[in-house]
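Take a look at the chain below. Then read on for a short tour of its parts.

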Amino acid sequence: MKNTILLFICLINVVCAQEHKKVQGTAQVENVNVIPKEKQVTYAIQINAKTPYEIYLDDIPLERFYESGMNSTIELNQYLLTNGTHKLRVRYLPRPDSKDGLVKPSDIYSSNDSKWNIYFLKYIKNKEKPLGYEGELDYQNNELLIVAPPEPVPFWEQTFELNVDSLPYELEGWSNGQNFNDVDKDELKKAVFKEYNKIRDLLNQGKIDEYISINKKKYLEMAVCLYTEDVNTYWSESVKKGLLNDCKGNMWPLSDEEYTMKIYGNGKLVKLERINQFKNRGLIAETETDYWYYSFLLYKPIGSDSFEIIRK
């Protein structure tokens, strides 16, 4: 009887240890597979644009489009770490054909049938449905109120508060990152250039496994927020082969003349962006048939001296 009790206690301890290991290790990834389909909520904004624009979520650039207006759907999940109130900032820019380089009130709103539209949407994806999601989207009750400038201006901005309350996950992301606004910008720029050069060298030398390794936290969090069933797809053999073919020996060099440092995420994220050709892009790979772009949002965990890639 004593031996039976002892064996039972040992089994409990083994199970507890395994559960603890799961929580400390890959729990986030494993949890993706157990989130019921009906709870896999995706948040997005639908844009019907009349002018070029820049859009930021919690001070992180989502999309920057400098040509004439276009329609676009931007999914937000990878930049939503948790439920709560999130800030969407929209900068409306002058039309390319503007003779005075100003945004006019009529560029934003001229009539109900000719105006900017932004919709804040929530849906459950379903590839088997004709439109790719469950049910119907309620555009009428989820349109953000856009106000035109009172007079022509060089640019026009609005900030909207988005109420996010249905995410079935919570991610650490860059929430525990150091604030780059508090450090010397020249020293920070040198460090960021050094980090980007390290990433560039890995790609240029074809060290794809090492490159994937420094992206692991980003991939694991993306698997959670995008409801990826198999996280291994992020580093599959086909992905590795594509990176090797596109990047080995093909990476453009970095220079102060072509790149500028930008701080985002309310001070917790930093990246390098191209200034002229391929504006706002990151690293560039040039092959015989195309150009490939690799951008990285970096952060530093509190108490660490090392940058980590957290998003693109």
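## The whole chain

This is a predicted model, in which local features need pLDDT of at least 70, side-chain atom pairs count only at pLDDT 80 or more, and totals for chains, interfaces and linings use all residues. Residues are numbered from 1 along each chain as its sequence is written, and side-chain values use heavy atoms, with hydrogens and water left out.

The protein chain holds seven helices and 15 strands. Both are DSSP runs, numbered from the N terminus: helices are H or I with at least four residues, strands are E with at least two. The chain has 312 residues, and 42% of them are buried. Buried means under 20% relative accessible area, exposed means over 50%, and partly exposed lies in between (1.4 Å probe, protein chains only).

Contact means heavy atoms within 4.5 Å. Of the contacts with a separation of 6 or more, 70% are between residues 24 or more positions apart.

## Two pockets

A pocket is found on a 1 Å grid over the protein atoms alone: it is an open set of points where a 1.4 Å probe fits, with protein on both sides within 12 Å along at least five of seven lines. Lining residues have an atom within 4 Å of a point. Grid points are joined across faces, edges and corners, and a volume is the space filled by probe spheres set on the points. For the classes, Ala, Val, Leu, Ile, Met, Phe, Trp, Tyr, Cys and Pro are nonpolar, Asp, Glu, Lys and Arg are charged, and the others, Gly among them, are polar.

| Pocket | Volume | Lining by class |
|---|---|---|
| Largest pocket | about 830 Å³ | 14 nonpolar, three polar, eight charged residues |
| Second largest pocket | about 380 Å³ | four nonpolar, four polar, six charged residues |

The largest pocket has a volume of about 830 Å³. It is lined by 25 residues, and the closest to its centre are Tyr-79, Lys-271, Arg-281, Ser-295 and Lys-312. Two or more lining residues come from each of β3 (60-65), β4 (71-75), α6 (216-225) and β13 (291-294). Strand β3 gives the most, with five residues.

The second largest pocket has 14 lining residues. Nearest its centre lie Lys-37, Gln-40, Lys-125, Lys-127 and Tyr-227.

Helix α4 covers residues 185-204. How far apart are its end C-alpha atoms? They are 28 Å apart, which agrees with the 28 Å that 20 residues should span at 1.5 Å a residue. The expected span is 1.5 Å times one less than the number of residues.

At the start of α4, a side-chain oxygen of Asp-184 comes within 3.1 Å of the backbone nitrogen of Asp-186. Among the buried residues of α4 are Leu-188, Phe-193, Tyr-196 and Ile-199, along with Glu-195 and Arg-200. After α4 comes Gly-206, with a positive phi near 75°.

Helix α6 is largely enclosed by the rest of the structure, because seven of its ten residues are buried. Those seven are Lys-218, Tyr-219, Glu-221, Met-222, Ala-223, Val-224 and Cys-225. Just after α6, Tyr-227 has a positive phi of about 60°.

## Single residues

Tyr-53 sits in strand β2 (residues 53-57). Is Tyr-53 buried or exposed? Tyr-53 counts as buried, because its relative accessibility is 0%. Its side chain makes a polar contact of 2.4 Å with that of Glu-63. A polar contact is a pair of N or O atoms within 3.5 Å; within protein, one must be able to donate a hydrogen and the other to accept it, and residues adjacent in sequence count only if both atoms are side-chain atoms. Leaving aside neighbours within four places in sequence, Tyr-53 also touches others, including Arg-64, Met-70 and Trp-116.

The loop between β2 and β3 holds Asp-58 and Asp-59. Asp-58 is not a glycine, yet its phi is positive, about 50°. Asp-59 also has a positive phi, near 65°. Asp-59 is partly exposed, with a relative accessible area of 23%.

Leu-162 lies in strand β9 (residues 156-164). Leu-162 is buried, at 1% relative accessible area. Gly-84 is 78 residues away along the chain, but the two C-alpha atoms are separated by 8.2 Å.

Asn-280 is in the loop between β11 (269-274) and β12 (283-286). At 11% relative accessibility, Asn-280 counts as buried.
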